Amino acid sequence: MSASVLFDAPGPRTVARHRVYNVVAVLLVAAAVAWALWRLYDDGQFEADKWEVFTTPDYVRVLLVDGLLNTLKMAFLAILGAVVLGFVLGVGKLSEHALVRWPAWLVVEFFRAVPVLLLMVFTWYAIGINKDGSPFWAVVIALTLYNGSVLAEVLRAGVLAVPAGQAEAAYAIGMRKTQVMNIILMPQAAKIMLPAIISQCVVALKDTALGIFVTAPGLTFVSKQIYLEFNNRVPTMIVVAALYIVVNLLLTLLASWVQRRYVGEKSPLDLTRVGTMDGGQSTAV
Amino acid sequence: MNAVLDNLDAYFKAFGYTIFLFLVAGVLSTLLGTVLVAMRVGPVAVLRGAAATYVTVVRNTPLVIMFAFFSFAAPIFGIQFKWLQVHVGTFDFTAFFGAAVVSLTLYTSAFVCEGLRAGVNAVPLGQVEAARAIGLPFGGVMSQVVLPQAFRAALPPLASVQIALIKNTSVAAVFGVAEATAQMRTFTNSFSSERFGIFVCFAIGYIVIVEAFSFLATRTERHWRVAL
Amino acid sequence: MRRTRFGIAAAGVLLAGMLTACGDAGSDDEGRDVEAKENAADEFDAGTRMKELAEAGKITVGVKYDQPGLGFKGANDDIPSGFDVEIAKLLVADLGIDPADTSVVTYEETISDNREPFLESGKVDLVLASYSITDDRRKVVGQTGPYFVTGQQLLVPADSDVASIDDLKGQEVCSVTGSTSIDRINEAGAKGVGFDSYSECVQKVLDGTVQGMSTDGSILAGYAAENEGQLKVVGDEFSEELIGVGYSKEHPEMCEWINDVLEDSFEDGSWAEAFELTLGPSGVETPDPPQLQDCVA
């Protein structure tokens, strides 16, 4: 590996010591995993009848179609809505008119500060109970409101991160306010925002798991049906977690591809930085 | 509204649990996140890999599943938190609180690690080179030079991680902790006619906590920025 | 690129798991066959909600999805099963609608939080979801029955000394977040801890995190039977829950009709049959049908 700047290139004694650390660490991790597997085995969690359901075609279909597909649909619609809402609120927050700026600020602050679960319960009271409303849409709308507010903040930060000279130069050649925003600031801000939008997709996807508490369809909902019927809570948990992780990793892969393809490897600012790994990522939770 | 106003003690007690969950998990996740980031950028390859795997897995797992794990799978491993029996006033911190704190801590620490790593990346090269030049080992470089600066640089993202934690405590509602969201559901079920008002009251409670924390974070950031 | 390989490996493992010998899990018990009544629409007076429903030939019923024995829907089931559902079927059939045909009957999932809103907004026409009759609920929706009377009891480990809720004063007792049961636990001096459903509380009692759980005795009996030798039901019923049928306040005429159908089912034995089929296997003895409340017109 390329040498990290955080520590000196190890000498022969340090190399030997690190080798010992590595071996000890491997042994510890392996022992922990082995112990965990043994405990699960001892508890009967690997018995065939606890896993059979995941190889039964009907239930695999239920898991993937009623579960995964619905989860993906909710997340996709929510992100679509969130990008639109985020754009509207973000531009609203940047507006020069206090009458536009303040309501946008208020909406963003409100939906950012309220827990998604609480919001979901509420949209479900408000929308899900209507004759043609459904918990599905309650989840989509709750996630749209929350992620939209987050993206509004991201958009604002993105626009403000564009060097001031850009806008000044645009005004200097006689562009109008909307032109400056649309032609100069937005395209550059969008590049800065892209990683954040994608990581917000992961957030939205994970938050769909909360839909179970408002009877919305999705992976967690199906998993509850399965473990109640087959009394296999732990295996179900493992399968559902694995599905979520795989989908999220694929999403992250897509994100890094999009970023490489359309944004470029790194911003020039990163060159002066220290870490050796692939640079700081967004920290959305 | 009356439902909440007539039961203000229950309302405040519920938010008390929310705040306790946040404080304990907040401190622990910051500590664990710091350890993780040291492993992640450190010289031991296996630890680096372990930390990276941990962060990847946890970042991509829904919080509900973390909670479910510590409520229903951990007892198989003999992890039950039954030793936890702390009673302060009318508050009880027992096994459920313990499981919730551990779930929230392990979940949040992955994000703390990511945020801090961005902070580590923001520390100017010369700082580290100077530290190594005067003979500091890795531990010294990290604890004396890099991490203190990384914390300052990463304060805004770390603050949003902690704000997310405040909101994430709501998931504990269905895992045995009588915090605000659980209390809200109790209210909405007992006083079905006042759902909307009850929701607004509880939303306000969360907003107050989040805004108070944001305020502190912004002030600290300003303070630290001056000090730099 | 480590992530790429991890992702591909994980996907590969998953796929391999699916391709290995197909399993054959699941069961098919469909509950009682209830025949739809013929020409039902003729029996109702014009202008009543029952007439409208019978003529439309469609109805939506709110039931539980996660309570085996009362209202439960497996991932692969067409319609839910359980005692609540069996009673719902009787009501649906009386309107001349085939209760087994999911194109005309929708069994919507209701949980504690959405029963009243669903009735108020007309999203569901009836609620049969372990729905206790209470005064506060009657402010916003109509409730009649009961078709079932139960009371809150305790489920404790088989070797426990706990004999009643009084032995657990100040101790933690598990129940469902936001339920009536958890309020009663708190009223009795114990400390209610809430989970998402009762099956989760059972786990917590089995692993010893709590000393007991509490809700309606009929639900507990099912769990005690399922975990024979490990769990037992103890204590007197420390509350009386009248499980009734919920309907919209806008259609008070439904009350008499519901009571009539229930009364018929008490007399012709279909009530007892439904009980034996759903709650009987878990060891609950079939009681005498409860006394119906009068409709206050």
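The domain assignment of chain A gives domain 1 (1–43) and domain 2 (54–272), the bounds being those of an automatic or database domain assignment. The centres of domain 1 of chain A and domain 2 of chain A, taken over C-alpha atoms, are separated by 37 Å. The model is predicted, so that local features need pLDDT of at least 70 and side-chain atom pairs count only at pLDDT 80 or more, whereas totals for chains, interfaces and linings use all residues. Residues are numbered from 1 along each chain as its sequence is written, while chains are lettered from A and ligands numbered from 1 in the order in which they are written.

Chain A contains 10 helices and 0 strands, where helices (H or I, at least four residues) and strands (E, at least two) are DSSP runs numbered from the N terminus. Along the sequence, chain A accordingly reads α-α-α-α-α-α-α-α-α-α. Of the 285 residues in chain A, 41% are buried; a residue is buried if 20 or more other C-beta atoms lie within 10 Å of its own, exposed if 12 or fewer, and partly exposed in between, with C-beta atoms placed from the backbone. Among contacts in chain A between residues at least 6 apart in sequence, 72% join residues at least 24 apart, two residues being in contact if their C-beta atoms, placed from the backbone, lie within 7 Å.

The mean pLDDT of chain A is 81, and 89% of its residues reach 70 or more; pLDDT is the predictor's confidence in each residue, from 0 to 100. Over residues 266–285 of chain A, pLDDT stays under 50, and for these residues the model has 41 contacts beyond four places in sequence. Where pLDDT is low, the predicted coordinates should not be read in detail. Helix α10 (residues 233–263) of chain A holds A:Ala242, which is partly exposed because 17 other C-beta atoms lie within 10 Å. A:Ala242 and A:Leu85 are 157 residues apart along the chain, and their C-alpha atoms are separated by 31 Å.

The secondary structure of chain B comprises 10 helices and 2 strands, and from the N terminus on its elements run α-α-α-α-β-β-α-α-α-α-α-α. The C-alpha trace of chain B spans about 70 × 45 × 30 Å along its principal axes. Buried residues account for 54% of the 228 residues in chain B, and 75% of its contacts between residues at least 6 apart in sequence join residues at least 24 apart. Chain B has an average pLDDT of 87, with 98% of the residues scoring at least 70.

Helix α3(B) has 15 residues and reaches 21 Å from its first C-alpha to its last, close to the 21 Å expected at 1.5 Å a residue; the expected span is 1.5 Å times one less than the number of residues. The buried residues in α3(B) are B:Leu47, B:Arg48, B:Ala51, B:Val55 and B:Arg59. Viewed down the axis of α3(B), its buried residues fall within an arc of 105°, so they line one face of the helix; the arc is that of the directions from the helix axis to the C-beta atoms. These buried residues pack against α1 (12–42) of chain A together with α2 (8–41) and α5 of chain B.

B:Tyr107 is placed in helix α5 of chain B and counts as buried because it has 24 C-beta neighbours inside 10 Å. Leaving aside its neighbours within four places in sequence, B:Tyr107 is in contact with B:Val58, B:Leu63 and B:Met66. B:Tyr107 and B:Leu84 lie 23 residues apart in sequence and 21 Å apart in space, C-alpha to C-alpha.

The contact between chains A and B takes 50 residues from chain A and 54 residues from chain B. On the side of chain B that touches chain A, the elements supplying at least two residues each include α3 (45–59), α5 (95–122) and α10 (195–227) of chain B. The residues of this side divide into 40 nonpolar, 7 polar and 7 charged; Ala, Val, Leu, Ile, Met, Phe, Trp, Tyr, Cys and Pro count as nonpolar, Asp, Glu, Lys and Arg as charged, and the others, Gly among them, as polar.
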